[in-house]
Amino acid sequence: MKAYLITTAIFSVLVSLLVTLLLLYASFPKEIPSKVIRIVTLLTLIAAIFSITLQHRALRLTKKEERKITLIKCTNCDYKLERPFKEGDYVLKTLGRCSCGGMLYVDSIYAEKR
Ligand SMILES: [Zn+2]
């Protein structure tokens, strides 16, 4: 996770540097050979694509890590059920009857440990 963020940051800096180089070239066109510019342009594109991909991935990982879980328990027996958090879940919300006749309720809502 941390490695992703660092790599993403490096690529973002790289993109900025390459864009700066291209902008510099635009101001001094005759001093840099066009071959170099073509390579720099290509590198900028590749770095930008990598940067976007990594950011997307990092975002997805963050979302996964913050997944919320609802823990359902029975008031009567030891029945326990963990399921993904649903909109409208709250602690002590009743969810119907257990097979033993007790009431099912939301015991707790927490972020999933990874
Ligand atoms: Zn029960």
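I began with the spacing of the zinc donors along the chain, which reads C-x2-C-x20-C-x1-C. The model is a predicted one, in which local features need pLDDT of at least 70 and side-chain atom pairs count only at pLDDT 80 or more, while totals for chains, interfaces and linings use all residues. Residues are numbered from 1 along each chain as its sequence is written, and side-chain values use heavy atoms, with hydrogens and water left out.

I then looked up the donors themselves: the zinc ion is coordinated by the SG atoms of Cys-74, Cys-77, Cys-98 and Cys-100, at 2.2 to 2.3 Å (donors are N, O and S atoms within 2.8 Å of the metal, or 3.2 Å for Na, K and Ca). I noted that Cys-77, in the loop between strand 1 and strand 2, and Cys-98, in the loop between strand 3 and strand 4, link distant parts of the chain, being 21 residues apart (strands are DSSP runs of E, at least two residues long, numbered from the N terminus).

Why is the arrangement tetrahedral? The four donor atoms subtend angles of 105 to 113° around the zinc ion, so the arrangement is tetrahedral (four donors count as such if all angles lie between 85 and 135 degrees).

I traced an open sheet of four strands in the order 2-1-4-3, with antiparallel pairing (two strands pair if DSSP finds at least two bridges between them). Its edge strands are strand 2 (80-84) and strand 3 (94-97), each of which pairs on one side only.

I followed strand 1 (residues 68-74) and strand 4 (residues 103-111), which run antiparallel and are joined by seven bridges; Lys-68 has Ala-111 in strand 4 as its bridge partner. Strand 3 and strand 4 are also antiparallel, paired over two bridges, and here Thr-94 has Tyr-105 in strand 4 as its partner. These two strands form a hairpin with five residues between them, and Gly-101 in the turn has a positive phi of about 105°.

**Lys-68 again.** I returned to Lys-68 for its side chain, whose charged end sits over the ring of Phe-85, 5.1 Å from the ring centre (NZ of Lys or CZ of Arg must be within 6 Å of the centre and within 35 degrees of the ring normal).

Key
Four donors count as tetrahedral if all angles lie between 85 and 135 degrees; four count as square planar and six as octahedral if opposite donors are over 155 degrees apart and all others between 65 and 115; anything else is irregular.
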